[in-house]
Amino acid sequence: MLSEKYKQFAQMIVYQIYPRSFNDSNGDGIGDIRGIIEKLEYLNELGINAIWICPCYKSPNDDNGYDISDYYDIMDEFGTLDDIKELISEAHRREIKIIMDLVPNHTSTQHKWFIESKKSKDNYYSDFYYWFDEPANDWKSEFGGSAWEYCAERNQYYLHSYAVSQADLNWDNPKVVEEMQKVVDYWTALGVDGFRCDVIDQISKDFENGRNCFGPNLHKYINALFGRHETEKLFTVGECWAEDIEEFCRHAKEERKELTTLFQFDHIDCGRESKFVPKNDSLKSVRDILIKWQKLCYDNDLLYTLFSDNHDHSPFISRIGNDRELRYESACLIATMFYTLRGIPFIYQGQEIGTASSHYDSIDHFRDVESLNLYKIFSEQYGEEKALEMINFGSRDNERHPFSWNGGKYAGFSTAEPWIPLNSRFNEINLERDMLSQKSVFKYYKDLIALRKNSPEILFGDFEVLSKPQDNYFAFTRTYEGKTVTVICNFERPSQIALPSREGKLLLGNYSDRKGFSELFRPYEAAVYGDI
């Protein structure tokens, strides 16, 4: 029995925007809030009904907005509070929800709280962060080096799980909990519909077991943050490395009043040994993980997040598909494979035109703090040539280049040189060219989204797998109230696919010459059959 909460949120289709790189409205080379407002009709045409906006708060931008210096104001480059209010209003007028990116684990060291905290050991803000006379352990920063930094002003070390300028908040201090509650209340009062919660699993540290996440008070703090709100209306999704269903349930079961759902990352390493090292892989790996979590979430009445890309990982199509000769087919196949399943689709800007990874011959083309730090480390270990190869493969900048609206100067993103180089393939892969193509990824996405929104079978239906583990394809059905949709996603090589039932007409496919059902499926071919 599907809960009403599930039915409500299962109809969301979320589009993630990296505002610095989406659309520049004022010609300074930096995307902004008014740039998003200008493109609302474009998003409306695509068919999405929710926007997740990466951090747009005040920030010195050491980590592109994930180092916040004021939770209550907008970054100067992005606009003003009036701009964000207008965005909320204009989005709502189009029945599009606004999801803000909440960063509760750390602030910028330029935040008022940290500036005051480092002054002494006995002021109001002194315990807003983790301070020790010596490093408390050997934890490493996610961006390289020690997670502990000495502060001469206080003569102590503070914890930073990420950049040196991102100090971890001490949630064991009730004042921190209260301050973060005020932040949530402020933005919900302005009309935002929910929050994507950055590294939410780290707000409680497990010092005893040597982990900077999943501490003993994690669920207490999440409940304190969101449990006071109507959780059936406020959408919350956590970035949380919950690797088992029990932990997923602790976060997202409806009765716990914590989060609506989590991003589940098991599939994100398909196609790579590590973030910066590729490996030969098959879409079978992705399929098997999706099957596992579809069944687990179905059995526990949980929402599953259907995503392949975001701002932190290089394009999925470049790691697990063919982003050259069969880029259109691969992009559409991956979209079909994810977005016809049960859960909440998340589309990252540029996916809908089949954006692939860039390649550059100099580290000077990169801006990401993680990439720049690791390039130095990799250069010492492997030499500069190998280090650059690794950065080209895994850099977060792969997903942060300006959106390629056209093939003109600055890709239609801005009238000035962008803050970061254009995607190296922007002349080949851009919206204008895609829309004129016989093989338009955008048009396929538009049709797929419309199909999903108008199909109760896809939104709410039971899930049955037809393919076997050894098969070079993923075939499954979605059934609801006696009606069935059948989905076939073939992988890297041709396959003969015989199904028990061939009923239903072709609703969608990424090979234009397919008219109905035939057993031969070509590389990266997707087809959806049903009675809609």
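1. Buried means under 20% relative accessible area, exposed means over 50%, and partly exposed lies in between, with a 1.4 Å probe and protein chains only. By that rule both faces of strand β11 (residues 194-197) are covered. Gly194 and Arg196 are buried on one side, and Phe195 and Cys197 are buried on the other. In a regular strand, side chains alternate between the two faces of the sheet.

2. Some ground rules. This is a predicted model, where local features need pLDDT of at least 70, side-chain atom pairs count only at pLDDT 80 or more, and totals for chains, interfaces and linings use all residues. Residues are numbered from 1 along each chain as its sequence is written, and side-chain values use heavy atoms, leaving out hydrogens and water. Helices (H or I, at least four residues) and strands (E, at least two) are DSSP runs, numbered from the N terminus.

3. What does β11 pair with? Strands pair if DSSP finds at least two bridges between them. Strand β5 (residues 97-102) runs parallel to β11, joined by 4 bridges. Here isoleucine 99 stands opposite glycine 194. Strand β12 (residues 235-239) also pairs with β11 in the parallel sense, over 4 bridges. In β12, phenylalanine 235 is the bridge partner of glycine 194. From β11 the chain passes through helix α7 (residues 218-226) to β12, in a right-handed β-α-β crossover. Right-handed means that, with the strands pointing away from the viewer, the path from the first strand over the helix to the second runs clockwise.

4. Now the open sheet. It has 5 strands in the order β18-β19-β20-β24-β22, with antiparallel pairing. The edge strands β18 (462-465) and β22 (505-509) each pair on one side only. Neighbouring strands are turned by 20 degrees against each other on average, direction ignored. Strands β20 (residues 483-490) and β24 (residues 526-530) share 4 bridges. Valine 487 has valine 528 of β24 as its bridge partner.

5. Helices on this sheet. Helix α11 (residues 327-339) touches β19 (473-480), β20 and β24, and its direction makes about 140 degrees with that of β20. Contact means heavy atoms within 4.5 Å. Helix α15 (residues 441-453) lies across β22 and β24, at about 130 degrees to β22. Axes are lines fitted to C-alpha atoms, for helices over the stretch in contact, and angles run from 0 to 180 degrees between N-to-C directions.

6. The axes of α12 (residues 369-382) and α13 (residues 384-394) come within 7 Å and cross at roughly 140 degrees. The contact includes Leu374 and Phe378 of α12 and Leu388 and Ile391 of α13.
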